[in-house]
Amino acid sequence: MENNEIEKVETYYIDETKLKKQPYTVYRIKIKGGRIYFTIDPDGTVTRYISLTTLTKHTLPTSEALIKWQCSLGYEAAKAYMNERANYGSCFHVALDEFLTKGEWNFNNAETWIQMQVAKGVIKECNVEKYADELNKDVAAFAQFCVEYKVKPIAIELILVSKDGYATLLDLVCKMTVKVDGLDHANPYKSGERKGLPREVKVEKEITGLINFKSSKSGSFYEDQEIQLAFEQRLFEENYPEIKIDEVYNWSPKDYRGNTPTYNLKNQSDSLDAQKADALLTIAKIELFKRTPRETFLEGKVKLGELPEVKETD
């Protein structure tokens, strides 16, 4: 996607027995330093929304650890590495989306699948063999997670906009089963101070979860990712007030070596207070206004001796 190129953004999957599609159509444009989304009302009114990635990029400081890493590697080498990892991240997201909707992944067909994504322009040219090896391991880790948490997708890559002026794609909203504290009345303690009392156990509970995928294997999730999830929960519940998100998570694969695929899962629920979110939104809207491309135009007539009136698009 080139700067100032407009594209229509569509939800990848939605279970319409559980969620209704929102009535608006969303478009996206790449600008200097980020992306903005917009909708167009029937009367032609354009409403702009800042993307969450752009929001966090322009309101949060760059971590010292990232700066040190960039300095140690050199600016150009660090930039090239980050671009390559972003390219793999796009591939990774599409693979997980397809796995969830099609219900299977063919490990033997990974190289062909990646070549198809390159041909369709979904990702850029890459080392196909290297990507295939990494992608197969990552999909296996995700499949393991889906089994262990009994994941049932409700929406995948769900595009939503907020009245507060931001928009994004939600990676996954799903039903998932977690273990919570419970009591076993049928098998009470048989001795000690708690003799006769119900035994404390872990029990399964199905919840509605919101999950953001990351392709990094480190297991470290940073402030911007934590904030992104908090905004995503607000965004979903604004659009679907009848559905409560019980918990929000970051998920990423591990670089495992054994026979059992492993992954990182961090519960980020209740990690950001509303006042901080509102403050970040205020700053982000200023950045959005400064960076939104505008055009000038002339209309009507101008007479000799009068100054022409040049207007600017909203």
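## Where the cut-offs sit

A residue counts as buried under 20% relative accessible area, as exposed over 50%, and as partly exposed in between. Lys150, with a relative accessible area of 40%, is therefore partly exposed. Keep those numbers handy for what follows, and keep in mind that this is a predicted model.

## The chain as a whole

There are 7 helices and 12 strands in the chain. Its C-alpha trace spans about 100 × 45 × 45 Å along the principal axes. Of the 314 residues, 41% count as buried, while the chain exposes about 18600 Å², with carbon and sulfur atoms supplying 50% of that area.

Now for contacts: taking those between residues at least 6 apart in sequence, 62% join residues at least 24 apart. As for charge, the chain carries 44 positive and 50 negative charges, and their mean positions lie 2 Å apart.

Let's zoom in on S6, which covers residues 152-161. Because 8 of its 10 residues are buried, S6 is largely enclosed by the rest of the structure.

Who pairs with S6? One partner is strand S2 (residues 13-14), which joins S6 in the antiparallel sense over 2 bridges. In this pairing, Ile14 stands opposite Ala155 of S6. Another partner is strand S7 (residues 166-184), also antiparallel to S6, with 8 bridges joining the two. Here Ile156 faces off with Leu172 in S7, the two standing opposite each other.

S6 and S7 also make up a hairpin, with 4 residues between the strands. Gly165 sits in the turn and has a positive phi of about 100 degrees.

Lys150 isn't a glycine, yet its phi is positive, at about 50 degrees. You'll find Lys150 in the loop between helix H5 (128-148) and S6. So how does Glu157 compare in setting: buried or exposed? Glu157 is buried, since its relative accessible area of 12% falls under the 20% cut-off.

Glu157 belongs to strand S6 itself, and its phi is near 50 degrees, again a positive value in a residue other than glycine. One thing to have in mind while looking along a strand: in a regular one, side chains alternate between the two faces of the sheet.

Note on methods: Residues numbered from 1 in each chain as written. Predicted model: local features only at pLDDT ≥ 70, side-chain atom pairs only at ≥ 80, totals over all residues. Heavy atoms only, no water. Buried < 20%, exposed > 50% of the residue type's maximum accessible area, 1.4 Å probe, protein only. Pairing = 2+ DSSP bridges. Contact = heavy atoms within 4.5 Å. Areas by Shrake-Rupley, 256 points an atom, 1.4 Å probe, with all protein chains shown as cover. Lys, Arg positive; Asp, Glu negative; His and termini not counted. Charge placed at Lys NZ, Arg CZ, Asp CG, Glu CD.
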